[in-house]
Every structure is written in structure tokens, then in C-alpha cells.
Amino acid sequence: MKKNWLAGCVLGLCSVLLIACQSVPLTGRSRLMLIPSSQSMAASAQAYDKFLQTADVIDGGKEAEMVRRVGSRIQQAVETYMAANQLSQQLNGYDWQYTLVDDDKTANAFCMPGGKIVVYTGMLSITRDEEGLAAVLGHEVAHAIAQHSGERSSQKLLLSAATAALSATAAGTATRNASAADQAKAKLLAAGFGAAATYGVLLPYSRLHESEADRMGMYFMAMAGYNPEKAVALWSRFKTEAHQGKGAPPEFFSTHPSDDTRIAQNQATLTEVMPIYRAYHAEKAVEKP
Ligand SMILES: [Zn+2]
């Protein structure tokens, strides 16, 4: 009887996981998605609006125009790619916005679920030009398209449920045996599982998300007509500047440490994306002889 109940639970969990498994556009990697994207997009739209109320938004001028231009070119490239691959429905609910915020001390840029982009003026001295900014925004938009934040929340949800189930089972055993040593063992087991899950699943996934966003970002750049070689140059510059830096690294560096592995991976991606970039410009040349 107990075995049947357990089998039912395992079967139920497997069907939930099967339904919740989706593929990341472009890379085709399977991802776990227990939280509907509409939910994270609604939360991000609210947070974005709240943020804009207090932020020092720059509406006019060359830099704000550049942020809007880069953002919308990458948006169009993503939309064209998704439409060509019958994936447009994954963009349902996206409401793209590109905002430049006046804050020279903050070297950061991000794209929230649903296409809510923010660039701080402090980031522009690091990205230097339009293609440098396209490399950063391509990467950030890729995080949003791949729904990395939703995937990480889903993993955390599943892991905390598994840890709770393990604690309950172990605690039940310990109580029945009424042994203090068993109870301590049960606690250690649950804690150990939590730590193993964090270091074994969540952290490697975060590195995997970074590599995936780099690769997808370079594709989006190329599709939008920006030279993806500039992305490799940017990440190389990050590495050099981070080594030379005194004190705390700028915000974007601290969440995006650049190392030889990252640079080598991006260098390898170049061979895939340069033909796309060249084709974009060859087509433009035909359009405007
Ligand atoms: Zn990233």
C-alpha cells in the first residue's frame, strides 16, 4: 500500500517535471519551468514602473537615443528569429522598454523578464561605443529570452520541496527510533542535501546561464547587424580592467567576472555567428546599392 502511494508520488512528480520542461530558444537546452512566465513578467513590469518613478531617467540626447536604437534593433532581431522558428508565442506578454538612467557611479545594465531594459550612464564609459553596448544588451536580453531567472526560481522551489520531504522522512524515522543521534543524523542529512543542491546544481547552473547568455547574445548581436567580435573584445577588456581595478569592481563586473574560459568560449562562438553578421550586411548592401 505504502509502495503504491510512493510510486504514485514519483509518477506525479515525473509528469509535473515533464510538463514543466521546455527548451531554451536557439540553444535547445531543456529547462525546468514551474513558474508561468506571465507571473514573472507581471512582477517585473511592476518593479520596473516603481523603479522608473524614483530613477533619474534621461529621455533626450544622443546617449538615450543610442540605448533605444540598440534595444530596438536587438528586439527586432529576436522577434524575427522567434517568428522564423515558430516560437513567437514565447514572446507573448513582452512589452519592450529601453531606459537610460543618469548615474555615472553605477556601471550596470540589465534586462528584466518581459524586455524591460535599463542602462546606467556609468556603464557607457565601459561599453565605449554602440557595438560595446550591443554586446552587453545582447547578453542581458538573452537572459530574459532564455528565462534564466524563472528557471532558477523553479530549481529553488523543487530543491526546497525535496529538502523538506527528505527532512520529514528522516525526522519521522528519527522520532520512531527516539534516538537523539538519529535525529542529529536526520538534520545533517537534510542540511547536507541543501548545501549539495546549492553548490552542485544552483551554482553550476548560474555559470551555465552566463555561458548561454553570452552565446545567445552574440547571435542576437549578429542578427541585428552588430559585429560580435566586439563582444569578445568587451569581455577581454573586462578581464584586464578587473585585474587592474582597485577596490570593489563595478557592479556589472562583480556579477559577470570575465576569465580565460569565458573569452575562449566566446571566441569559439564567433565562427558560428560571423556568417550571420556578414549576411546581414551583404543583404543591406543589396538593398542600398
Ligand atoms: Zn549575465
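How many of the 17 residues of α5 are buried? Of those 17 residues, 16 are buried, a residue being buried if 20 or more other C-beta atoms lie within 10 Å of its own, exposed if 12 or fewer, and partly exposed in between, with C-beta atoms placed from the backbone.

The views below show a predicted model, in which local features need pLDDT of at least 70 and side-chain atom pairs count only at pLDDT 80 or more, while totals for chains, interfaces and linings use all residues. Residues are numbered from 1 along each chain as its sequence is written.

**View 1. Confidence along the protein chain.** The protein chain averages a pLDDT of 84, and 75% of its residues score at least 70, where pLDDT is the predictor's confidence in each residue, from 0 to 100. Among the elements, the lowest mean pLDDT, 54, belongs to helix α1 (residues 2–20), and the highest, 98, to strand β3 (residues 57–58); helices (H or I, at least four residues) and strands (E, at least two) are DSSP runs, numbered from the N terminus. Where pLDDT is low, the predicted coordinates should not be read in detail.

View 2. Helix α5 (residues 130–146) reaches 24 Å from its first C-alpha to its last, close to the 24 Å expected at 1.5 Å a residue, the expected span being 1.5 Å times one less than the number of residues. Gln147, with a positive phi near 55°, follows the helix. The largest nonpolar core has 48 residues, and those with the most contacts inside it are Ile74, Ala134, Leu137, Val141, Phe220 and Met221; such a core is a set of buried Ala, Val, Leu, Ile, Met, Phe, Trp, Tyr and Cys residues joined through C-beta atoms within 7 Å. To this core α5 gives the most, with 10 residues.

**View 3. Strand β6 between its partners.** All of Lys116, Val118 and Tyr120 on one side of β6 and Ile117 and Val119 on the other are buried. Strand β4 (residues 97–101) runs parallel to β6 and is joined to it by 5 bridges, whereas strand β5 (residues 109–112) pairs with β6 in the antiparallel sense over 4 bridges, two strands being paired if DSSP finds at least two bridges between them. Lys116 is the bridge partner of Gln97 and also of Met112. The hairpin of β5 and β6 has 3 residues between the strands, and Gly114 in the turn has a positive phi of about 95°.

**View 4. Thr240 in helix α8.** Thr240 is found in helix α8 (residues 229–244), and it counts as exposed because it has 10 C-beta neighbours inside 10 Å.
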